[in-house]
Amino acid sequence: MEWNLLDECKDAKRIGISGHIRPDGDCVCACLSMCMYLRKCLPKAQVKVFLEKPADIFRELKGFDEIDSEFGDEEPFDVFFVMDCGADRIGDAEKYFRDAKKKINIDHHVTNKGCEGLNHIVPDVGATCELIYDMIDPGMLDRDLAMALYVGIIHDTGIFQYSNTTPATMERGAKLISYGFDFPRLIQETFYQKSYIQSNIMGRALLESIRFMDGRCVVSCVDRKTMQFYDAEPDDLDGIVNQLRNIRGVDCAIFMYQTGVLEYKVSLRTSESVDAAEVASFFGGGGHARAAGCTMRGTFHDCVNNLSLHIEKQLRNS
Ligand code: 5GP
Ligand code: MN
């Protein structure tokens with residue numbers, strides 16, 4: 001790395017941190033752990049996290065209650081961090097980034113081409129929290145910080161299962177659990193546990209899923225009416241695409257939910273036969289080789305038709 005985290009922040013009075021819209025575990029934990037670390041190392045600086053309201057499962061993490069989801073007017077920040085995405089995906093926080101005196105982007109998405117300012121983008125690393133782990137002074141690690149980094153890592157590696165898990169990921173995880181937090185409970189409560197309603201919608205999405213391309217693809221969609229019926233938020237749909245991916249014979253799982261009239265948020269999970277980031281990028285989204293997403297316009301059938309053209313091409317070549 002060509003620059004040093006604390007050197008870049010040492011004169012800053014006000015530091016802002018943000019991550020992507022619809023923040024996932026790695027994103028929330030990357031923002032909170034960076035905030036904890038900077039507050040600890042630079043006690044005179046004011047450090048603030050801005051994120052769309054994160055899921056309540058992360059409430060135990062230190063600093064969760066102070067997350068600003070209002071995005072009000074702020075004086076320009078001396079340093080502004082964009083975590084786990086590029087500056088084009090931070091929603092209402094974009095104005096803080098634009099006005100900041102110094103901009104720093106830390107991410108692990110292969111589709112992030114970097115932004116103005118300082119970048120640390122390493123696509124081969126499983127989680128943004130792993131990058132943070134490597135940047136910080138190990139002497140400053142404590143139980144709260146270790147817990148946040150650990151939760152970020154487990155969320156993006158599927159509890160050390162996905163192909164983005166490396167020996168270094170496990171070593172970081174090993175060091176982190178030595179801080180003595182209750183990791184089996186955290187895994188259960190933040191990753192596996194679902195509410196009754198969430199389980200109902202997942203059951204319905206699985207039941208209504210459709211296989212095509214000889215069973216190598218599966219798609220399911222939750223429309224607005226269904227979301228309203230269950231009083232479900234987008235967070236409540238987490239995990240459905242992974243469950244679709246678990247179906248035997250499936251190389252590409254597609255899960256969509258409706259975000260507007262003729263508009264859908266699409267999630268892709270793939271085997272090594274399909275590059276999900278490439279497919280999602282074509283439709284203006286991005287992500288990783290095995291997990292990516294985008295927003296698409298059109299009817300459900302339009303979206304599936306357009307996606308399947310790209311998926312089929314890759315499946316034929318594999
Ligand atoms: P998910 O399907 O869980 O929403 O996202 C899977 C991965 O793709 C995550 O790393 C997420 O950050 C990324 N991703 C999802 N949707 C988009 C999108 O619209 N644009 C970009 N650039 N990345 C996305
Ligand atoms: Mn991530």
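**View 1. Cys35 in helix α2 of a predicted model.** Cys35 has its place in helix α2, where helices (H or I, at least four residues) and strands (E, at least two) are DSSP runs numbered from the N terminus. With a relative accessible area of 4%, Cys35 is buried, a word that stands for under 20% relative accessible area, against over 50% for exposed and partly exposed in between (1.4 Å probe, protein chains only). Cys35 and Asp134 are separated by 99 residues in sequence and by 16 Å in space, C-alpha to C-alpha. The model is predicted, and local features need pLDDT of at least 70, while side-chain atom pairs count only at pLDDT 80 or more. Residues are numbered from 1 along each chain as its sequence is written, and ligands are numbered from 1 in the order in which they are written.

**View 2. The manganese ion (ligand 2) and its donors.** Asp26 (OD), Asp84 (OD), His108 (NE2) and Asp156 (OD) coordinate the manganese ion (ligand 2) at 2.2 to 2.3 Å; donors are N, O and S atoms within 2.8 Å of the metal (3.2 Å for Na, K and Ca), and sites may look incomplete because water is not among the atoms. Along the chain, the donors of this ion follow the spacing D-x57-D-x23-H-x47-D. Asp26 lies in helix α2 (residues 25-41) and Asp84 in the loop between β3 (79-83) and α3 (94-99), so the pair ties together parts that are 58 residues apart in sequence. Asp26 is buried at 0% relative accessibility, and Asp84 is buried with a relative accessible area of 0%.

**View 3. Asp238 in a loop.** Asp238 is found in the loop between α9 (224-230) and α10 (240-245), and this residue is partly exposed, with a relative accessible area of 47%.

Technical notes: Side-chain values use heavy atoms; hydrogens and water are left out.
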